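Welcome, and please get your viewer ready. We will go from stop to stop, selecting a few residues each time and looking at what is there.

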Amino acid sequence: MLDEEIATCCKQLRLSRNLADRAQITEGESHQEYLYRLLCSELTYRNHIRTEKLVNSAGFYTLKTFENFRFDEITLPADLSVESLKSLHFIQERKNIIMYGGTGTGKTMLSTALGVAACRQGIPVRFFRTAALVNKLSEAKKGGNLSSFLKKLSKAEVIILDEYGYVPLDRTGAQLLFEIISDCYERKSIILNTNLEFSRWVNVLYDEQMTAAMLDRLLHHCHLLLFPGASNRMRESSLNDLYRSIAVSNKPEDSIQGVVIDDTH
């Protein structure tokens, strides 16, 4: 048997050990068919490994797909269909996606599903909670490692910014985030999730000119997706059933005149 010799040749040719293993079980009616099937199995293996690496390095908090997403509960712009969104045409066109709606309405789920789909197509993605990214940028700048961090970030073709507007930024953090968005303009796609209307973004950045410039870059080539529904987390929570039962059992004349569930937290 030539198992080890084949494995050694694969290593010298920078082929995976998988090729040596598959060589023992691959069959073909001719030498050419055997070689073709063997090489195809190697390509399939490499694509699988590459996808795994892209998904693992993206930084997703959980992995999501389109399978259970309720597209009928969101509003897409007239020039964007569900099929087009799933096909990731916006990435090829270097367009951004802004998802606007209340907390728990599915923005993180959909943006993650888009990111995972991109990884499966061999597209590098980075996923951040916005405040966490700003903290990383600030720490890198203080430690003198900002250039190195930005170089790693530049390898991503899609940057997902989740929970934008949840935490106000200091001036340094706002400037660093602006640099990231400016660098991506017409070169990469940004997916940004927010529950903050555009007129209130200045409350996060504390600079009207910077806010206007950031919005200009994000919205110039952009699809705006609206998430008008109630919080999915609250809808699926057993506590919500309890709140409803309390609200129904108490009449307007009672001391408790109803319970308002705040979906913003």
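## First stop: a salt bridge

Select Arg 171 and Asp 207: their side chains form a salt bridge, with N to O at 3.1 Å (a salt bridge is a side-chain nitrogen of Lys or Arg within 4 Å of a carboxyl oxygen of Asp or Glu). This pair links distant parts of the chain, 36 residues apart, with Arg 171 in helix H9 and Asp 207 in the loop between H10 and H11. Helices (H or I, at least four residues) and strands (E, at least two) are DSSP runs, numbered from the N terminus. Asp 207 is buried, at a relative accessible area of 16%; buried means under 20% relative accessible area, exposed over 50%, and partly exposed in between (1.4 Å probe, protein chains only).

Before moving on, note that this is a predicted model, in which local features need pLDDT of at least 70 and side-chain atom pairs count only at pLDDT 80 or more, while totals for chains, interfaces and linings use all residues. Residues are numbered from 1 along each chain as its sequence is written, and side-chain values use heavy atoms, with hydrogens and water left out.

How many salt bridges does a search of the whole structure find? The search finds 7. For another of them, pick Arg 129 and Glu 163, whose side chains meet at 3.8 Å, N to O. Here too distant parts of the chain are linked: Arg 129 sits in strand E2 (residues 125-129) and Glu 163 in strand E3, 34 residues apart. Arg 129 is partly exposed at 34% relative accessibility, and Glu 163 is partly exposed at 30%.

Now select Arg 187 and Asp 183, a salt bridge whose closest N and O atoms are 3.4 Å apart. Arg 187 is partly exposed, with a relative accessible area of 47%, and Asp 183 is partly exposed at 40%.

## Into the cores

Next, show Leu 177 and Met 214, the residues with the most contacts inside the largest nonpolar core, which has 33 residues. A nonpolar core is a set of buried Ala, Val, Leu, Ile, Met, Phe, Trp, Tyr and Cys residues joined through side-chain atoms within 4.5 Å. Elements giving two or more residues to this core include helix H7 (130-142), helix H8 (146-153) and helix H9 (171-184). H9 gives the most, with 7 residues.

Which residues does Leu 177 touch, not counting those up to four places away in sequence? They are Thr 130, Leu 133, Val 134, Leu 137, Leu 161, Tyr 164, Leu 169 and Met 214. Contact means heavy atoms within 4.5 Å.

Apart from this core lies another, of 30 residues, among them Phe 60, Phe 71, Leu 80 and Leu 110.

## Where two helices cross

Highlight H7 and H8, whose axes come within 7 Å and cross at roughly 140°. Axes are lines fitted to C-alpha atoms, for helices over the stretch in contact, and angles run from 0 to 180 degrees between N-to-C directions. H7 is therefore oblique to H8. To see the contact, select Leu 133, Lys 136, Leu 137, Ala 140 and Lys 141 of H7 with Leu 146, Phe 149 and Leu 150 of H8.

## Last stop: a loop and the whole chain

Find Thr 62 in the loop between helix H3 (31-58) and helix H4 (82-87). Its C-alpha is 9.6 Å from that of Thr 108, 46 residues apart in sequence.

Finally, zoom out: the protein chain has 13 helices and 5 strands, and 38% of its 265 residues count as buried.

Definitions and conventions: Parallel < 35°, antiparallel > 145°, perpendicular 65-115°, else oblique.
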